[in-house]
Amino acid sequence: MFLFDLGLTGPNLSSVHDGYVIALQLLIYLAVGLSVLVAADRIVHVFQYVYWQNCHKFRVKKPEDRYVFADLPDITESGSKYPNVAVQLPMFNERAVCQQIIDCVCEMTWPDSRVYVQILDDSTDEITRNLVDEKVLEWKERGRKIEAIRRTNRQGYKAGAMKEAMDAVEGYDYIAVFDADFQPSPDFLLQTIPYLEGNSDVGYVQTRWTFLNPNESYLTKAQEISLNFHVKCEQYVHFASGSFFNFNGTAGVWRRECIKSAGGWDARTTVEDMDLSLRAYLKGWKAVFLKDVTCKNELPSSFFAYRKQQHRWCCGPMQLWLKASKGIWRSKLPWYKKIYLNFCYFGVRKFGTHLVTLGFFCTLVPLSIFTPEVHVPFWALVWLPIAIAISTAAFTPRGWLHCVIYVLFENAMGIVRLWAVISGLLNLKRAKEWVVTTKMGSSDSRPATGQPPPGLRTCKLYTGEFIMSLFVLFAAVYGIFAVHRWDFSIFLSLQGLAFLAFGLNLVDMDALLGTFHKKQDNSSVAMTQLKRTKTSPF
């Protein structure tokens with residue numbers, strides 16, 4: 001009993017300690033129950049994925065085969081019969097990748113007279129604006145209908161830019177959306193538009209993300225494992241089972257009529273993509289997820305940028321949950337789908353997961369070390385995380401090799417994510433923060449992509465993670481020498497070191513756990529590649 005070890009005795013303290021033990025034990029049991037729900041949800045997804053991948057063996061149609069893939073006429077002879085498609089590229093100070101995405105979308109196969117490219121450029125950086133204008137002029141001279149649209153303010157951020165641009169695409173049937181760091185293939189429209197053409201009830205088509213730089217650092221590898229589970233398993237299973245899956249904000253195509261009927265883009269949350277797709281779902285629109293059509297993109301290799309991205313991704317769903325919950329209950333959806341959306345989708349996945357990672361594994365477990373009377377089930381500390389890690393890593397080639405790193409990094413991000421969840425639920429000031437995830441263009445060889453983009457920031461010390469590392473490491477040392485809890489202390493030692501790495505920013509570019517290198521001229525490429533090969537943790 002930690003209080004008595006310090007010499008703090010007496011009747012009053014004894015009763016306080018007894019109450020503390022009861023409260024701590026109750027919280028642990030509640031956290032274990034929530035952990036079981038999170039683990040069960042993930043494992044059920046894996047089993048569903050296996051079923052849908054093999055459903056043809058049971059004479060059940062594959063999910064994508066339920067939808068008509070309309071035949072398009074010969075592009076060389078009947079290009080005028082193709083539907084009008086607008087391509088929107090929202091961006092803000094994306095100096096490193098702005099020219100790359102413009103080239104990619106302008107090289108997509110579609111009749112020139114039937115495609116219109118909009119660069120929704122809110123950039124305040126003069127170099128970025130000049131790079132965009134340079135590419136717009138180049139492609140205009142080559143016959144593309146392309147335009148850079150700029151606003152005098154950033155009201156509504158990405159959602160605001162796309163909402164204001166809707167008037168300019170009135171005569172277009174479909175709208176493809178790409179973030180600046182994505183690289184769609186030339187046949188992207190040919191593989192997606194036919195599903196919209198052949199199925200009038202389909203509101204949008206989402207393709208699967210793939211990643212250009214997963215081996216850049218331990219941070220990007222952990223991101224790849226997490227996102228691969230989302231795009232390969234979660235999104236596919238939700239599509240296959242007919243439940244709600246959200247548009248990922250990029251690498252997809254919308255039916256303009258669907259956007260209009262669902263109420264258009266709205267900046268009321270930081271997840272305008274999830275917001276619009278949920279409203280479309282409640283209106284009765286269907287969506288198609290194409291797991292075999294991929295679109296490359298870059299993972300943030302800057303820890304500062306990654307923190308900002310995760311804050312937005314975790315805060316936004318909580319904002320949306322509060323604002324859309326009544327609409328879900330009042331919708332015409334079957335009662336079980338209403339419960340699923342509110343309890344499973346938002347409650348367990350978007351809220352419970354982050355509460356478990358920081359609240360249980362990184363707070364309650366260390367506290368239990370100081371209170372031997374409290375019981376933490378060994379299976380909840382070991383076997384549940386193993387089940388979650390293996391089921392998640394299974395969707396990344398050789399992902400099992402990085403299961404430990406993945407779990408430790410996910411837990412260490414718990415401070416950022418749980419605070420974002422709280423900010424969203426309480427509608428705090430930071431809940432309205434919308435910071436573009438800065439990308440370095442590490443896969444691009446164009447001029448200027450080796451320069452640090454505007455807005456790229458870093459930090460030598462993150463106080464929350466550093467303090468948490470001291471707390472967890474102290475619990476680990478106390479567990480080893482005072483109560484001889486080696487089983488818990490091994491986990492706590494590793495987790496404390498992970499918090500320390502995040503607190504001291506050792507996961508950032510060019511740091512101890514990062515291998516980022518800037519673009520150099522051709523004469524130094526060989527040396528750079530040699531250096532990277534020798535230092536890469538993968």
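Guide: Axes are lines fitted to C-alpha atoms, for helices over the stretch in contact, and angles run from 0 to 180 degrees between N-to-C directions. Helices (H or I, at least four residues) and strands (E, at least two) are DSSP runs, numbered from the N terminus. The model is predicted: local features need pLDDT of at least 70, side-chain atom pairs count only at pLDDT 80 or more, and totals for chains, interfaces and linings use all residues. Residues are numbered from 1 along each chain as its sequence is written, and side-chain values use heavy atoms, leaving out hydrogens and water.

Visitor: At roughly what angle do the axes of α11 and α17 cross?

Guide: Helix α11 covers residues 335-369 and helix α17 covers residues 486-503. Their axes come within 11 Å. The crossing is at roughly 125°.

Visitor: How many nonpolar residues does the contact of α11 with α17 have?

Guide: Contact means heavy atoms within 4.5 Å. Residues of α11, including Leu 358, Phe 361 and Val 365, meet residues of α17, among them Phe 488 and Phe 491. By class, this contact has two polar residues, no charged ones, and a nonpolar count of 10.

Visitor: Which residue of β3 is the bridge partner of Leu 120?

Guide: Strand β2 (residues 115-121) pairs with β3 in the parallel sense, over five bridges. The partner of Leu 120 in β3 is Ile 149.

How values were computed. Nonpolar A, V, L, I, M, F, W, Y, C, P; charged D, E, K, R; others polar. Pairing = 2+ DSSP bridges.
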